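Hi everyone, thanks for coming. Today I'd like to talk about aromatic rings, so let's bring the model up on the screen.

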Amino acid sequence: MESKNDDIPFYESSEWADVVPIPQDDGPNPLVPIAYTKEYSTTMGYFRAICQRQEQSERALELTKIVIELSPSHYTVWHYRQRLLKALNKDLTEELEWVEWMSNENPKSYQIWHHRQVIIEHSAASLFPTSPSSPSATPTSGSGIATTASSLTTTPTIPYHDLSESQKATVLEIVHRELTCIASAFQTDSKNYHAWSYRQWVLTHFGPGPWWDEELTYIDELLTDDVRNNSAWNQRYFVVAFGPKELSNEIVQREVEYAKSKIERTPNNESPWTYLTGVLKKAQRPLSDIKDFCERLHTIPRAKFSSPFLHSTLMDIYEQEAKENRSATSLIKAKEAADLLAEKIDTIRSKYWNWRKTQLQTIPVDV
């Protein structure tokens with residue numbers, strides 16, 4: 001549907017002569033009308049027209065591309081494009097290439113990442129022998145995965161371990177390609193929430209597989225580069241706490257030591273503290289497991305005088321001891337930590353720490 005002259009808008013070509021654009025109707029007296037450009041208003045007028053007639057054609061598909069490149073987050077247009085891909089049985093490989101370009105141009109658009117998820121989900125459905133989009137029913141590439149959109153239906157998580165060796169190889173290829181694509185987005189913004197969400201979907205959609213262990217290696221690389229990357233810390237917790245491996249004592253200890261090593265480097269960094277306490281809580285282990293570590297860290301000036309996370313963790317540990325053992329000594333230490341936080345270390349939250357101190361005073365202890 002490309003014009004012979006790129007300077008001529010698509011709607012001035014003879015191909016669209018039969019379509020009467022439908023203007024946006026904001027009512028007789030719109031309160032705050034949006035100042036759309038002429039190009040966008042006219043393009044949307046043609047899009048409303050093809051929607052009204054439910055047109056399924058190559059020109060309609062091309063029109064959705066034009067609209068999306070003008071407004072990448074227009075979810076209605078994305079949905080219509082997905083319907084057209086199915087109706088026209090389009091090449092999904094080409095679609096992925098375009099979507100990757102779009103994600104590079106608009107990395108924070110949720111709709112782009114979701115569309116990529118839809119494409120991957122439906123193309124990978126061909127791996128199911130009994131699926132409506134199985135290789136016997138849908139054209140596939142040499143790797144055995146569907147490359148056209150003849151069947152766009154919701155599919156369950158793919159059971160990696162139940163697949164044949166050739167299918168496993170195909171899944172590995174898909175997963176590695178997607179993870180590489182996402183990693184490329186992180187080079188621009190390592191804390192892209194939508195890209196991280198999509199990454200978690202990729203990991204889980206194909207079930208337990210070797211990519212879970214590889215993910216920990218990748219996360220370690222990110223944290224080595226930037227130990228304050230809170231998104232990478234969150235991803236590590238996702239893999240450890242919700243991955244296919246049971247949270248064994250060995251894994252818990254490994255993660256505790258990992259977090260401690262990062263805290264020693266940057267004791268005033270909240271993320272590893274949150275990760276450390278989160279892993280212990282998930283494993284139902286007490287904070288007292290890290291008491292010695294925290295008290296040793298307390299002797300280091302750069303931690304003692306600058307890390308509210310160290311003091312708040314110590315306060316929680318002493319509070320827990322006071323409750324469980326009715327220890328007056330532990331209660332005194334907890335109150336001292338609260339005072340230090342309120343008066344010197346974290347004065348911006350002084351009201352909170354003073355409130356915590358009043359709660360400590362209600363704990364019964366042995367005199």
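Over which ring does the charged end of Arg236 sit? That's the ring of Tyr258, with the charged end 3.7 Å from its centre. Here, sitting over a ring needs NZ of Lys or CZ of Arg within 6 Å of the ring centre and within 35 degrees of the ring normal. Lys168 has its charged end over the ring of Tyr160, 5.5 Å from the centre.

A word on the background. This is a predicted model, where local features need pLDDT of at least 70 and side-chain atom pairs count only at pLDDT 80 or more, while totals for chains, interfaces and linings use all residues. Residues are numbered from 1 along each chain as its sequence is written, and side-chain values use heavy atoms, leaving out hydrogens and water.

Now, ring pairs. Rings of Phe, Tyr and Trp (its six-membered ring) pair if their centres lie within 6.5 Å; planes under 30 degrees apart are stacked, over 60 edge-to-face, and the rest tilted. That rule gives 21 aromatic pairs. Take Phe10 and Tyr46: their centres are 5.6 Å apart and their planes at 70°, so they're edge-to-face. Phe10 counts as buried at 10% relative accessibility, where buried means under 20% relative accessible area, exposed over 50%, and partly exposed in between (1.4 Å probe, protein chains only). Tyr46 is buried too, at 8%.

Next, Phe47 and Tyr80 have centres 5.6 Å apart and planes at 80°, so that's edge-to-face. Phe47 is buried at 3%, and Tyr80 at 5%.

Finally, back to Tyr258: ring pairs link this residue into a cluster with Trp212, Trp233, Tyr237, Phe238, Phe242 and Tyr275.
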